[in-house]
Amino acid sequence: MNINEQRILHSWATNAKPWTRVVRDQLIESRALVTDKAIVEAVVELEPRTFLDIGCGEGWLCRELFCRGFDGWGVDGITELIESARCLGDIRFVVSSYSDLPLQKFGSINQFDCFICNFSLLGECALGEIAQAGKSLLADKGKIIIQTLHPLIACDDSAYSDGWRETSWQGIGLESFDPTPWYFRTIESWIREFHLKNYRLLKLIEPCHPKSKKPVSILFIFERLS
Ligand SMILES: C[S@@+](CC[C@H](N)C(=O)[O-])C[C@H]1O[C@@H](n2cnc3c(N)ncnc32)[C@H](O)[C@@H]1O
């Protein structure tokens, strides 16, 4: 794990409490207006029997999907986030880094119909680790659903090319956050890297903000080839 990948986990450990409050109080406008609905709809449309929410944070998406009758698990590298997820009553949450996913046990589920990564593939290695985990943990023709910031919007004034960036956290509500690095990818890079790892793109979705009409995020749905 390189220094930036370590910093990502360190920052999320520091940010666990304020992040939990911000998500549970719905303080991020783009989530409340656009992206929460976009990821739920994408999963529901696929109708997976089982899902693994990778980088689940405090667990809101798992709870939303459990309520709709989908069976699955949430996993995150930060113990405090998994504890706050479990505190709300469901035990289907596990602490794990992405690289250790193939070593974990998920109750009676050996393979999942889909992986979900909602704003959680942050480091340079994350894509490869998830693709690798899919070899053992995804069923044949299993899907990976990824939602991330739309690269055209997240790119800002920087060059449109892959590379490490610093998060410019503006305080949300009354919360302040430890800055964390993240690895920017172009749309071409997301698709190319998954193709190289034996996944094919099934669908691409670009949800827009209702007022600005600009894309807020992008969703990729990949299928594992056998
Ligand atoms: C922006 S939060 C998103 C949380 C959640 N998916 C949501 O929609 O609210 C990113 C999450 O990814 C987790 N994460 C990032 N890189 C990770 C890694 N290499 N291993 C385990 N968890 C990681 C962080 O701990 C954090 O909870």
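Student: What percentage of the 226 residues of the protein count as buried?

Tutor: Burial is a matter of counting neighbours. With C-beta atoms placed from the backbone, a residue is buried if 20 or more other C-beta atoms lie within 10 Å of its own, exposed if 12 or fewer, and partly exposed in between. Here 37% of the 226 residues are buried. This is a predicted model: local features need pLDDT of at least 70, side-chain atom pairs count only at pLDDT 80 or more, and totals for chains, interfaces and linings use all residues. Residues are numbered from 1 along each chain as its sequence is written.

Student: Which residues can show me a buried, a partly exposed and an exposed case?

Tutor: Ala133 counts as buried because 24 other C-beta atoms lie within 10 Å. Asn198 has 14 other C-beta atoms within 10 Å and is therefore partly exposed. Gln26 has 12 C-beta neighbours inside 10 Å, so Gln26 is exposed.

Student: Where are Gln26 and Asn198 found, and what is the phi of each?

Tutor: Gln26 is in the loop between helix 1 and helix 2 (29-46). Asn198 is in the loop between helix 7 (187-196) and strand 8 (199-205). Neither is a glycine, yet Gln26 has a positive phi of about 55 degrees and Asn198 one of about 75 degrees.

Student: How many helices and strands does the protein have?

Tutor: Both are DSSP runs numbered from the N terminus: helices are H or I with at least four residues, strands are E with at least two. The protein has seven helices and nine strands.

Student: How do I read the radius of gyration of the protein?

Tutor: Compare it with a rule. The radius is taken over C-alpha atoms, and the globule rule is 2.2 Å times the number of residues to the power 0.38. For 226 residues a compact globule would have a radius near 17 Å, and the 16 Å of the protein agrees with that. The C-alpha atoms fill a box of roughly 45 × 40 × 40 Å along the principal axes.

Student: Which residues of helix 4 are buried, and which are exposed?

Tutor: An α-helix has 3.6 residues a turn, so residues three or four places apart point the same way. In helix 4 (residues 79-87), the buried residues are Leu81, Ile82, Ser84 and Ala85. They cover an arc of only 160 degrees around the axis, which puts them on the same side of helix 4; the arc is that of the directions from the helix axis to the C-beta atoms. Thr79 and Cys87 are exposed on the other side. The cover over the buried residues includes helix 1, strand 2 (71-76) and strand 3 (93-95).

Student: Which residues touch the most other members of the largest nonpolar core?

Tutor: In soluble globular proteins, nonpolar side chains tend to be buried together. A nonpolar core is a set of buried Ala, Val, Leu, Ile, Met, Phe, Trp, Tyr and Cys residues joined through C-beta atoms within 7 Å. The largest one has 52 residues, and Phe115, Ile116, Ile130 and Ile144 touch the most other members. Helix 5 (residues 126-137) gives the largest share of this core, six residues.

Student: What does Phe115 touch?

Tutor: Two residues are in contact if their C-beta atoms, placed from the backbone, lie within 7 Å. Not counting residues up to four places away in sequence, Phe115 touches Leu52, Ile54, Ile130, Gly134, Leu138 and Ile144. Ala133 is in helix 5; leaving aside its neighbours within four places in sequence, Ala133 is in contact with Tyr98, Leu101 and Pro102. Across the protein, residues 24 or more positions apart account for 67% of the contacts with a separation of 6 or more.

Student: Which residues are closest to the ligand?

Tutor: A residue is near a molecule if its C-beta atom, placed from the backbone, lies within 6 Å of it. Around the ligand there are 21 residues, the closest being Trp12, Gly55, Gly57, Gly77 and Ser120. Helix 1 (3-24) and helix 3 (60-67) each supply at least two residues of the shell, and helix 1 gives the most, with four.

Student: How many residues of the shell are nonpolar, polar and charged?

Tutor: Ala, Val, Leu, Ile, Met, Phe, Trp, Tyr, Cys and Pro count as nonpolar, Asp, Glu, Lys and Arg as charged, and the others, Gly among them, as polar. The shell has 13 nonpolar, seven polar and one charged residues.
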